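Welcome! Please take a moment with the sequence and the 3D view below before reading on.

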Amino acid sequence: MNTQNKYVHRSDFVRVFLRSFLIQASWSFERMQSLGFAYALQPVLKRLYPDTEEYRSRLNRHMEYFNTQPYLASFILGAVAHAEEDRAAGLGGASDASSMKNALMAPLGALGDSFFWGGLKPLVSVIGVTALLIGAWWAPLLFLLPYNIGHLWLRAGALVWGYRSAGDVVALMAHYPFMRMARRFKATCLAVLGGMLGMAPQWRPEFKTALHVPGVVTAFSGLVITVVLAAALRKGGSPVKLMLGLAAVSLALAFAGVGL
Amino acid sequence: MPVFDLHTLIVVIAVAFGGGIVGLDRTAVGQLMLSQPIVVGPLTGWFLGDATAGMIVGAALELLWVLDMPVGTFVPADATIGAIAGTAIAVLGSGGRAGLDLVGFGILLTAGMVPLTMIVDGVVRKRNSRLVDEALSSTGENADHKLTCAHLKGLTFFFLKSFLLHLIFIPAGLLAVLLFTRMSAPFHDAMELFVKLLPLLGAAVVARKLSIETLDRFFLFGFILAAVMALLFHAPAGIIVLSVIAAGYFSALYRERHT
């Protein structure tokens, strides 16, 4: 065992961070992000284990099954870098890093899925679509900028937090209240979605009805149709089925001579 | 209008190549959301000379698929291919400036593409399992180089998946456009109406997935606030959006503290 103290350099962390963007490059059903995790950790392992045999053995060890939310994988990468550093200095057992990965990937996966996929992304998406509907050509930027500023900041911060806290997920959650923010984002998203429909009279002409009706009628009929569609989805309809259903209804109305 | 001339062929290949590159963002590289319909729709439209068509496709498809989350082994619908192919079919099929009917038809075709994209994505991900075995079986001095190669090979598979699907979907869609242009006027009117209804379907999908109530109180609150500001006070759209965001967020805070 290596008893000499070795430390991961800042440049190694930069490389790990950049490689973490490719963690899903070889995503598979069987091992999911396993290869990506080993790939991202390579700079750290190379630094800590100059002995080729040991390096290869650690690399193979990190090719075990791994799956988490890709952004928060950086927290686990930081935590595992810490564990490997301890191991290289003779302070930890061979299984420390593996058991840490196994313990962290599921809770961080659930946390990240709820916050990023279920909170932040739909919120900025609904804001962006609302901007598009009212005719803002820069709406894609309104979607991309807040999302990426937020997510890149958290992604980089999580790597540092993972390393400094040695994988203390409670410290991470105390610093970044993911669950609370996810709930707020979801509520805000629903409010903006309602607002999008309330603004229907101001939508681009392509999305507006050709009928000359008061704005209040346009807005309320939009709300009613949306609620009916949501109820249909609740009864087991899928977006694809409802798309086809809407096309069929549109066709029926067009053949009946009802121009909307 | 000649749909399959050399120029169109080159443009289709260029769009498919761009789609393959930007499609990597979905799973394989970064997840910077460059592959979302709201981004790739307008970009494709702009590249083909009709950004408006791309914006309409992007706005219509974004909400439909935004909450189709890649959780566990679930492979979400590839809305990127839908947005790019839908826009390209509408713009190329119209010869430059797509009418609303053709945009609607392009979007409708994406309903047929979605299940196929999921199947092919599943095949690629199954194929990727071999890459781990490839990396594990490598011995000797080059073990870590082989790991890198095996891992990055996954990028090629993901790229080829999107590239080839675009190469199939766009020409097939252009053939369908040839039939569509021969259809009677009600078909064209129907597609215009279809486009107008799609944002409502998108809103229903998001509302359904984010709330267990059919008429969520935040949703209703946002609707009333925006409608009052727009219809009674004739407030500018930007002010309404900002007000609804702030009101929604602070209402959520209020609920947190009082429940």
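## About the model

This is a predicted model, in which local features need pLDDT of at least 70, side-chain atom pairs count only at pLDDT 80 or more, and totals for chains, interfaces and linings use all residues. Residues are numbered from 1 along each chain as its sequence is written, while chains are lettered from A and ligands numbered from 1 in the order in which they are written.

For the complex, the predictor gives an ipTM of 0.94 and a pTM of 0.93. Within chain B, the highest mean pLDDT among the elements belongs to H2(B), at 97, and the lowest to H6(B), at 85.

## Chain A at a glance

Chain A has 10 helices and zero strands; here helices (H or I, at least four residues) and strands (E, at least two) are DSSP runs, numbered from the N terminus. With a radius of gyration of 25 Å, well over the 18 Å that the globule rule gives for 260 residues, chain A is more spread out than a compact globule. That radius is taken over C-alpha atoms, and the rule is 2.2 Å times the number of residues to the power 0.38. The C-alpha trace of chain A spans about 85 × 35 × 30 Å along its principal axes.

How much of chain A is buried? The share is 53% of the 260 residues, where buried means 20 or more other C-beta atoms within 10 Å of a residue's own, exposed means 12 or fewer, and partly exposed is in between, with C-beta atoms placed from the backbone. One partly exposed residue is Ala171(A), with 14 other C-beta atoms within 10 Å. Ala171(A) sits in helix H7 (residues 169-175) of chain A.

## Where the chains meet

The contact involves 89 residues from chain A and 90 residues from chain B; two residues are in contact if their C-beta atoms, placed from the backbone, lie within 7 Å. On the side of chain B that touches chain A, H8(B) gives the largest share, 18 residues. The residues on this side are 65 nonpolar, 16 polar and nine charged. In this count Ala, Val, Leu, Ile, Met, Phe, Trp, Tyr, Cys and Pro are nonpolar, Asp, Glu, Lys and Arg are charged, and the others, Gly among them, are polar.

## A nonpolar core

A nonpolar core is a set of buried Ala, Val, Leu, Ile, Met, Phe, Trp, Tyr and Cys residues joined through C-beta atoms within 7 Å. The largest one has 173 residues, and those touching the most other members are Val126(A), Leu193(A), Val103(B), Phe194(B) and Leu201(B). Helix H5 (residues 96-133) of chain A supplies the largest share of this core, 17 residues. Leaving aside neighbours within four places in sequence, the contacts of Val126(A) include Leu193(A), Leu63(B) and Val206(B).

## Helix H2 of chain B

Is H2(B) mostly covered or mostly uncovered? H2(B) is mostly covered, with 10 of its 12 residues buried; among them are Pro37(B), Ile38(B) and Leu48(B). These buried residues pack against H5 and helix H6 (139-164) of chain A, together with helix H1 (6-23), H3 and helix H4 (79-94) of chain B. After H2(B) comes Gly49(B), which has a positive phi, near 95°.

How values were computed:
pLDDT = per-residue confidence, 0-100.
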